[in-house]
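Please keep the structure open while reading them.

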Amino acid sequence: MLPSILKINNKFALYNFELMSEIKECLVCKTTSNDTPVTKFYYKNSHFYICSQHIPVLIHNPHELVGMLPDADKLPKG
Ligand SMILES: [Zn+2]
């Protein structure tokens with residue numbers, strides 16, 4: 001069932017639908033934003049979500065994200 005606002009403002013409705021339908025889960029542990037703080041980051045013309053527990057991994061040991069993040073082995077260690 002499409003929201004009635006679709007008839008009023010198509011762009012806004014599509015944006016809203018995307019926000020509501022996209023599952024915000026950590027790329028590492030799959031924990032969702034319902035259970036833990038999850039932040040969004042942009043990389044390679046895409047975006048990913050990562051939880052507060054795994055942000056340090058992204059910063060300090062990005063090679064541990066090989067298989068979860070494209071070219072993770074090429075990211076610099078912080
Ligand atoms: Zn996580």
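1. Where is the place of K44? K44 is in the loop between strand 1 and strand 2. Helices and strands here are DSSP runs, numbered from the N terminus: a helix is H or I over at least four residues, and a strand is E over at least two. The phi angle of K44 is near 50 degrees, a positive value in a residue other than glycine. K44 counts as exposed because it has 9 C-beta neighbours inside 10 Å. The rule behind that word is a count of other C-beta atoms within 10 Å of the residue's own: 20 or more is buried, 12 or fewer is exposed, and anything in between is partly exposed, with C-beta atoms placed from the backbone.

2. Some ground rules for reading the model. It is a predicted model, in which local features need pLDDT of at least 70 and side-chain atom pairs count only at pLDDT 80 or more, while totals for chains, interfaces and linings use all residues. Residues are numbered from 1 along each chain as its sequence is written.

3. The overall layout. The protein has three helices and two strands, and along the sequence they follow the pattern α-α-β-β-α. Of its 78 residues, 12% count as buried. Contacts are pairs of residues whose C-beta atoms, placed from the backbone, lie within 7 Å. Among the contacts with a separation of 6 or more, 21% are between residues 24 or more positions apart.

4. The two strands. Strand 1 covers residues 38-43 and strand 2 covers residues 46-51. They pair in the antiparallel sense over six bridges; for strands to count as paired, DSSP must find at least two bridges between them. V38 stands opposite C51 in strand 2, and Y43 stands opposite S46 in strand 2. The hairpin has two residues between the strands, and K44, with its positive phi, belongs to this hairpin. As a general point, side chains in a regular strand alternate between the two faces of the sheet.

5. The core. Which residues make up the largest nonpolar core? There are eight in all: C26, V38, Y49, I50, C51, L58, L65 and L69. Strand 2 gives the most to this core, with three residues. A nonpolar core is a set of buried Ala, Val, Leu, Ile, Met, Phe, Trp, Tyr and Cys residues joined through C-beta atoms within 7 Å.

6. C26 and V38, two members of that core. C26 is in the loop between helix 2 and strand 1. Is C26 buried or exposed? C26 counts as buried because it has 23 C-beta neighbours inside 10 Å. C26 and V38 are twelve residues apart in sequence and 6.6 Å apart in space, C-alpha to C-alpha. Not counting residues up to four places away in sequence, C26 touches T31, V38, Y49, I50, C51 and H54. With the neighbours within four places left aside, the contacts of V38 include K24, E25, T32 and S33, as well as Y49, I50 and C51.

7. K30 has phi near 65 degrees, a positive value in a residue other than glycine. Its place is in the loop between helix 2 (10-21) and strand 1. K30 counts as exposed because 10 C-beta neighbours lie inside 10 Å.

8. V57 in helix 3. Why does V57 count as partly exposed? The reason is its 17 C-beta neighbours inside 10 Å. Leaving out residues up to four places away in sequence, V57 touches V28, E64 and L65. V57 and K77 are 20 residues apart in sequence and 9.4 Å apart in space, C-alpha to C-alpha.

9. The segment after helix 3. G78 is found in this segment, and helix 3 itself is 55-60. G78 is exposed because 9 other C-beta atoms lie within 10 Å. G78 and V57 are 21 residues apart in sequence and 9.6 Å apart from C-alpha to C-alpha. Neighbours within four places aside, G78 is in contact with I59 and H60. D73 also lies in the segment after helix 3. D73 is exposed, since 12 other C-beta atoms lie within 10 Å. The C-alpha atoms of D73 and N61, twelve residues apart along the chain, are separated by 9.3 Å. D73 touches H63 and V66, not counting residues up to four places away in sequence.

Key: Contact = placed C-beta atoms within 7 Å.
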